[in-house]
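Here's a quick walk through the model below. Have the sequence and the 3D view open as you read.

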Amino acid sequence: MPHIGTVRPRQPADVRVRSLGKEYPSRSGAPVAAMADVDLEIPAGEFVCVVGASGCGKSTLLRILAGFEHATAGSVEVGGLPVTGPDPERGVVFQDYGLFPWLSVRENIAYGPRQARLQRPVVQERTDRFLDAVGLTRFADRFPSELSGGMQQRVAIARVLANDPSLLLMDEPFGALDALTRSSLQGELSRIHRETGTTVLFITHSIEEAVYLADRVVVMAGGAAHGVPGHVREEIRIPLGPDRDVTSAEFNALKRRISALVHQEATAA
Amino acid sequence: MSSTQARPTLVRRRPRGATFLLALPVPALILVFWTIGVQQAWDLPFGIQMGFLPTPWEVGRRLVDLAAGGIVDDAFSGTLPAHLWASTQRVLAGFGLAVALAVPLGVVMGRYSLAFRMLDPTVNLARPIPVTAWAPLTLLIIGYGDGSAIFLVFLAAFFPVLLNTIAGVRQVPPRLIEAAAMLGTRPAQVLYKVVLPASMRSIASGLRVALGLAWVILVVGETVGISTGLGAMITQARDQSKTDLIVAGMIVIGLCGFVADRLLSGALTLVTRRRPTLT
């Protein structure tokens with residue numbers, strides 16, 4: 001696969017989440033706390049995976065970082081600036097892709113640069129570069145509905161990368177894909193992260209995926225179903241290098257440890 | 001790449017010739033039945049007395065005369081272009097006005113719940129009133145003439161466009177709005193960049209329903225106080241008991257609705273450049 005290129009005008013951002021809380025109004029009147037006292041620091045360029053049982057607030061955390069939802073307590077800063085709303089600096093990759101079905105692959109990728117009112121040749125160059133980076137040059141003029149799920153997710157990734165984000169937010173992006181596609185996309189994402197150096201917050205249900213991709217895994221627990229607001233249970237550093245071997249003993253030891261942390265919660269409650 | 005390289009699935013086309021041949025027998029039978037029925041003066045259920053009908057041949061003769069003149073040589077000979085043009089103008093004016101108002105209103109109502117809650121009850125109260133029931137009042141408050149006919153066409157076209165636009169806009173997945181926002185779409189542009197294209201299919205079907213209704217209501221709108229127009233022509237033909245002219249007028253109006261629908265579909269395809277939309 002070709003190289004993404006070296007021009008990177010935007011620096012990766014660090015993330016500071018301090019005593020973040022989110023409450024939702026409930027039918028009975030008393031607000032329900034989805035998440036409370038979440039603290040998280042991500043240095044610029046780090047790849048962080050968040051795992052945890054359903055309802056632990058990991059998606060809420062991502063949505064607040066994206067600017068789609070507002071916290072009810074605490075603060076969120078990306079690159080030293082408080083998050084007030086969605087911004088092309090924080091690219092989001094959704095599980096269901098969220099591509100514009102009426103735009104071709106090329107137009108989907110060019111959408112962000114065009115919105116940024118970049119000059120035509122720049123838009124063209126960026127689009128071509130990221131089409132190439134995700135291996136979809138041959139499919140540039142297809143529409144999303146004509147592509148497989150894996151290819152659609154590649155378009156979605158290229159689409160946010162074309163905006164040169166300083167933070168990449170990924171909400172179970174490979175959750176709907178088959179195992180083979182999933183592992184090839186994990187490899188590609190790993191490579192893209194090494195090349196761009198962008199900070200990544202990646203949410204997943206798969207512990208193996210987290211250990212494969214992350215510099216650090218954040219285990220979240222709790223949630224309305226457990227009677228405790230969602231919170232960070234533990235953070236585990238993954239001291240493995242690039243090109244990780246999922247069959248190695250170290251890899252599986254980390255997997256077991258995280259798995260125990262995730263499941264401990266579910267049975268304890 | 002591990003993923004399958006999906007190609008668009010094409011619907012297998014049946015040979016056109018066979019489709020054409022299959023469509024022929026039914027109209028042919030109707031023509032035979034019609035001709036014999038008129039000649040024998042059959043009495044059918046509902047009290048239909050076929051003896052009063054013109055034969056297909058008489059209708060065809062009248063159609064040619066209407067269009068070109070020189071056969072029947074009465075007041076209607078060669079007047080078709082004038083009637084057709086007058087009616088088309090009224091349909092275009094009423095339909096165009098309805099689209100110009102209903103699409104923006106529908107987008108706003110579909111997108112903003114405040115607007116929806118304020119306007120939806122009123123819309124639902126006004127909508128069930130048949131346009132034909134508006135006709136007498138319209139004639140009194142607007143007066144005989146173009147204005148009334150155009151207003152009735154406008155009313156007929158307005159609600160289908162409005163309701164389909166609202167429905168289409170409400171179906172736009174929130175995900176697409178989020179995607180647009182995080183890609184840097186300015187809030188003012190979201191309607192144009194995402195909401196409108198995402199609800200295009202629903203809006204288009206509203207437009208087609210509305211245009212069909214516009215031709216239906218046109219005939220009502222042209223019945224009184226108008227001298228040129230297909231509805232007016234039929235009304236005059238009734239007053240003079242010219243059944244062949246009535247049937248000829250019916251056929252022309254039907255064809256107009258058909259051609260208008262094809263033209264609208266073609267125009268919509270051009271605008272959307274055959275792009276897929278939400279299903």
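## Two domains in chain B

Chain B splits into domain 1 (26-78) and domain 2 (80-272), with bounds that come from an automatic or database domain assignment. Taken over C-alpha atoms, the centres of domain 1 of chain B and domain 2 of chain B sit 32 Å apart. Where they touch, domain 1 of chain B puts in 10 residues and domain 2 of chain B puts in 7 residues; a contact here means that two C-beta atoms, placed from the backbone, lie within 7 Å.

On the domain 1 side of that contact, there are 8 nonpolar, no polar and 2 charged residues. Ala, Val, Leu, Ile, Met, Phe, Trp, Tyr, Cys and Pro count as nonpolar, Asp, Glu, Lys and Arg as charged, and the others, Gly among them, as polar.

## How the model is read

This is a predicted model, where local features need pLDDT of at least 70 and side-chain atom pairs count only at pLDDT 80 or more, while totals for chains, interfaces and linings use all residues. Residues are numbered from 1 along each chain as its sequence is written, and chains are lettered from A and ligands numbered from 1 in the order in which they are written.

## Chain B against chain A

Between the chains, 21 residues of chain B are in contact with 29 residues of chain A. On the chain B side, helix α8 (residues 174-182) gives the largest share, 6 residues. Helices are DSSP runs (H or I, at least four residues), numbered from the N terminus. By class, this side of chain B has 11 nonpolar, 6 polar and 4 charged residues.

## A look at Arg262(B)

Arg262(B) belongs to helix α12 (residues 243-272) of chain B. Arg262(B) counts as exposed because it has 10 C-beta neighbours inside 10 Å, the cut-off for exposed being 12 or fewer other C-beta atoms within 10 Å, placed from the backbone. The C-alpha atom of Arg262(B) is 9.3 Å from that of Arg208(B), 54 residues away along the chain.

Technical notes: Helix = DSSP H or I, 4+ residues; strand = E, 2+ residues; numbered from the N terminus. Buried ≥ 20, exposed ≤ 12 C-beta atoms within 10 Å, placed from the backbone.
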